[in-house]
Amino acid sequence: SFRVTMSLLFTIFASIILIGFKKILAIQKGDFVFNLIEVLAICLVGVLEWSHIYWGSFVVFPVMIPTCILLLRDYVLTHKKRDVYLMMIFNMGMLALVSSALFLNVFLLFSFFVYELYRKEVNCKDYVIMLIPIFLYFSFFINIPWLIGLLIPLYLVFYRWGPKIDQIVIKYLAKSIWLLPVFFFLIGIIGHLDFKWNIYRLGYMILIFNLVMCLLCGYLMYHKEKIDPILFVFLIYVIFFFNPLTAPFISHYLTTTIVYYRLFYITKNPIVIIMILYCVYQYCTKRKLLSYLFLTGLILLLGRYGMIAQNTVLVPTYFTPYHYLLREDYDSRELGNYVQTLSKKEPIKILSIYFSPRQYNLNTRCKIYRYPNDPIHRDQLFHQVLYQKDEITQQQYIDFKNTMIRDHYDYLIFYQDQDILEHLVNIIDVVYQNDTYVVGKVRGK
């Protein structure tokens, strides 16, 4: 099938990138520790993430982003013009696959730009060239295409006065740019933005992971080790964009709360993890005790993942609740089969939670509330009934019923919940249910 083919294809691409990365770092073929680090990095990414490898928006994670990181790494080390134009091409490719590349690529380029400011070797014209596809996409995204006309005079300015602009930028931004995260934080406080981390569909483990990696990078920098640009960029990326203090500003003004979680595409990337851990290992080799401790920790972590695998992915029944190839759970699939049987003569109108009926029956018009913590819809009556049962009054359920009838909804799909079912007993007749979902036909329809 298409999904099987694409999964295999992108797995091969990701493998080629990992092999190429090994050659870039000039790792010896029999380097046992590097091989262990590589395996650990793959484990840290996670089974669920790797199972999404064929999916359009996720394929940028194991394939496109590592390539961009390696291109930018080569650029800041050599300043080859080839890397600039290749990066521009990859920006176009990523934007064609997923709109989130609009902010992911900007954040990544910004992080490398700050690294160059730190080294006082920045070439602003090159970054303008790399940002051209993003500028074009953004112009159409906000529906102001005439902004594209600014590219030509902008490029001419940098072409004519590029070196002078670089000197001014280095002089005034090399230190002051570090005030930007403070500005983001203060705007979040002044604007009374939500500082809760759980609204981003991210677990606290990702925070711990970022913190540990930043501490490792900071430790190497403190000891004045000659660290790889990727480590410095990781630190910049987390400080400016991917932490609870700047997240409210970034999610509210730049990414939206719904897709903010995709920032982990860069920090949790196997290339980044391998680079950080291998640099730490190289530092540890200077002291035999540290070397043994690092190796012991590495083996213990791999052993832990081995124990997890023994009770999960190596158990045949583990994959029963979720079809990793089709990227859906079996209850959703069975619900989809039922939705296919609904009337195909006249369009039917469905109010639903995360599940999308139109995947199975195009003769439906749907209103879908995908996320429980979506701040855009959180105050709407439908969202409150579907996701906030403990806060709903009897009057709101009556209003919900009247609204369903007024707006001519035929069916309601919601998660299996006895409390909600009891409150909706006078509104719907249950026509289908499984362990996860309930389908109710609106009475009077």
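**Pocket, surface and salt bridges in a predicted model**

At 48% relative accessibility, Lys-196 counts as partly exposed, and its side chain meets that of Asp-194 in a salt bridge with an N to O distance of 3.3 Å. The structure described here is a predicted model.

**Salt bridges**

- Side chains of opposite charge can pair when their charged atoms come close.
- The count comes to seven salt bridges, among them the pair of Asp-194 and Lys-196, in which Asp-194 is partly exposed with a relative accessible area of 32%.
- Asp-126 forms a salt bridge with Lys-81, and their closest N and O atoms are 2.6 Å apart; this pair links distant parts of the chain, since Asp-126 belongs to helix H7 and Lys-81 to helix H5 (residues 81-97), 45 residues apart.
- Within that pair, Asp-126 is buried because its relative accessible area of 2% falls under 20%, whereas Lys-81 is partly exposed at 38%.
- Asp-407 and Arg-406 form another salt bridge, with the closest N and O atoms 3.1 Å apart; Asp-407 is partly exposed at 24% relative accessible area, while Arg-406 counts as exposed at 56%.
- Asp-74, Arg-82 and Asp-83 are linked in a network of salt bridges.

**Second largest pocket**

- The second largest pocket has a volume of about 830 Å³, and of the 29 residues that line it, Leu-102, Val-106, Leu-131, Ile-134 and Phe-138 are the closest to its centre.
- Two or more lining residues come from each of helix H6 (101-119), helix H7 (124-130), helix H8 (132-141), helix H9 (151-173) and helix H13 (247-255), and H6 gives the most, with seven residues.
- By class, the lining of this pocket holds 23 nonpolar, five polar and one charged residues.

**Nonpolar surface patch**

- Leu-179, Val-182, Leu-186, Ile-189 and Ile-190 make a nonpolar surface patch of about 480 Å².
- Leu-179 lies in the loop between H9 and helix H10 (180-190), and it counts as exposed because its relative accessibility of 57% is over 50%.

**Residues with positive phi**

- Most residues other than glycine have a negative phi.
- Lys-120, although not a glycine, has a positive phi of about 60 degrees; this residue sits in the loop between H6 and H7 and counts as exposed at 54% relative accessibility.
- Asn-143 also has a positive phi, near 60 degrees; Asn-143 is found in the loop between H8 and H9, and at 65% relative accessibility it counts as exposed.

Definitions and conventions: Residues numbered from 1 in each chain as written. Predicted model: local features only at pLDDT ≥ 70, side-chain atom pairs only at ≥ 80, totals over all residues. Heavy atoms only, no water. 1 Å grid on protein atoms, 1.4 Å probe; cavity = no way out; pocket = protein on both sides within 12 Å on 5 of 7 lines; lining within 4 Å. Points joined across faces, edges and corners; volume = space filled by probe spheres on them. Helix = DSSP H or I, 4+ residues; strand = E, 2+ residues; numbered from the N terminus. Nonpolar A, V, L, I, M, F, W, Y, C, P; charged D, E, K, R; others polar. Patch = residues over 30% accessible without salt bridge, like charges linked within 9 Å, V, L, I, M, F, W, Y side chains within 5 Å. Areas by Shrake-Rupley, 256 points an atom, 1.4 Å probe, with all protein chains shown as cover. Salt bridge = Lys/Arg side-chain N within 4 Å of Asp/Glu carboxyl O. Buried < 20%, exposed > 50% of the residue type's maximum accessible area, 1.4 Å probe, protein only.
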